[in-house]
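Please look through the sequence and the model shown here before reading on.

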Amino acid sequence: MVLLSAVFFCLCIGRYPILPAHVAGLLLAGLGIETRSFEVPREMMMIFWNIRVPRIILSLLVGGGISTAGAVFQALFRNPLAAPDILGVTAGASFGAATAIMVLAPLAWVIQTSAFVFGITAVFLAYVLASWSRDHSPSVLVISGIVISAVFQAGLSFTMYLANPYDQLAQIIFWTMGSFNAASWTKVGILLFLVTPGVILMVVFSWRLNLMTLEEEDALSMGIHIVQWRIFYVLLATLMVACCVASVGSVAWIGLIVPHIARYLAGSEHGRLIPVTAVLGAIFLMVMDTMARSIMLSEIPISIVTSIFGAPFLGYLVIRTGKESVKHES
């Protein structure tokens, strides 16, 4: 109910505001139900169905996908500060997008494909690097991800250094800050096909995540092949994040913040945590994008908005959780 109410509210808001009664009429008209009390203007119909609706659905999918991946990574690495880009997927995707803008054709589908391929490649290289170590603990994989991420960040910085400052550089910077201004039904269809099954699979196998938070010896004693399941979760979460980042660019903080909020509301049991995280992430990013496209005359990149509102809220949660733990101890 909260999700539907938030969607309806965001459908009304924008530089082209639409009254709630008109939104209801547009939704009914889109379903083929004509109402005598409201005649749909052609301009409003085009803006609503070709721009606003796909943009809101895309923000819901990206928010739910990245937030779910964040909760999964925090469980896998038993680290509340683990984020979806911890294995380098965001750095790899950013480098891939910048490379496409610089070297290949600066077309939307070329940039998205390059970002997706390099995002997956970054995680693969992190796994290869971690496999060379005799220690197969999650900390080694995290360190490998940090190394690979640093390499791709350096590549991105060098690409920006070589870019044409009057054209290519601005495009690269804007992409790395993220935006939903290029939302389309094609992107919605792709993410529906890739992200939605990923979230469903995470919910279905969420009970195993409870075991993954245990020590490795305890999980093995229960018959859980922890390495195989870790690979499964990492690949699935990486695929979701790579698809999201390739579609809209980098989205900061959401994969770190939302799981904390969901854990505060639903607890640490992943059967409840994962669905709550997905819904909260969808609502949070949709609201942030609505603010990004409505506050100023020109659109604000989404990562700026999520950082402004997300980082202080995470600090508030950390302080509040610390105070509550002190009270319980006393």
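**A walk through the model**

Of the 330 residues in the protein chain, 48% count as buried, where buried means under 20% relative accessible area, exposed means over 50% and partly exposed lies in between, calculated with a 1.4 Å probe on protein chains only. This is a predicted model, in which local features need pLDDT of at least 70 and side-chain atom pairs count only at pLDDT 80 or more, while totals for chains, interfaces and linings use all residues. Residues are numbered from 1 along each chain as its sequence is written, and side-chain values use heavy atoms, with hydrogens and water left out.

The protein chain has 14 helices and zero strands, both being DSSP runs numbered from the N terminus (helices are H or I of at least four residues, strands E of at least two). With contact taken as heavy atoms within 4.5 Å, 72% of the contacts between residues at least 6 apart in sequence join residues at least 24 apart.

Helix packing can be followed around α11. Two packed helices are described by the angle between their axes and the distance between the axes; here the axes are lines fitted to C-alpha atoms, for helices over the stretch in contact, and angles run from 0 to 180 degrees between N-to-C directions. Helix α5 (residues 108-131) packs against α11 at an angle of about 155°, with the axes 8 Å apart. The two helices are therefore roughly antiparallel, a term for angles over 145 degrees, whereas angles under 35 count as roughly parallel, 65 to 115 as roughly perpendicular and the rest as oblique. On the α5 side, the residues that meet α11 are Gln-112, Ala-115, Phe-116, Ile-120, Val-123 and Tyr-127. By class, this contact has 11 nonpolar, two polar and one charged residues, where Ala, Val, Leu, Ile, Met, Phe, Trp, Tyr, Cys and Pro count as nonpolar, Asp, Glu, Lys and Arg as charged, and the others, Gly among them, as polar.

Helix α8 (residues 185-204) also packs with α11 (residues 226-248), their axes coming within 10 Å and crossing at roughly 155°, so α8 and α11 are likewise roughly antiparallel to each other. The contact includes Leu-191, Leu-194 and Val-195 of α8 and Tyr-233, Leu-236 and Cys-244 of α11, and its residues divide into 12 nonpolar, two polar and one charged.

In the largest nonpolar core, Val-62 and Phe-77 touch the most other members among 67 residues; such a core is a set of buried Ala, Val, Leu, Ile, Met, Phe, Trp, Tyr and Cys residues joined through side-chain atoms within 4.5 Å. Helix α11 gives the most to this core, with 14 residues. Leaving aside residues up to four places away in sequence, Val-62 touches Phe-180, Leu-191, Cys-244, Val-248, Val-251 and Leu-285. A second, separate core of 16 residues includes Ala-6, Phe-48, Leu-60 and Ala-282.

Two further residues deserve a look. Met-160 lies in helix α6 (residues 138-162) and counts as partly exposed because its relative accessibility is 24%. Its C-alpha atom is separated by 7.6 Å from that of Ala-98, 62 residues apart along the chain, and Met-160 touches Leu-169, Ile-172 and Ile-173, not counting residues up to four places away in sequence. Trp-253 is placed in the loop between α11 and α12 (254-266) and, at 33% relative accessibility, counts as partly exposed. Most residues other than glycine have a negative phi, whereas phi of Trp-253 is near 75°, a positive value.
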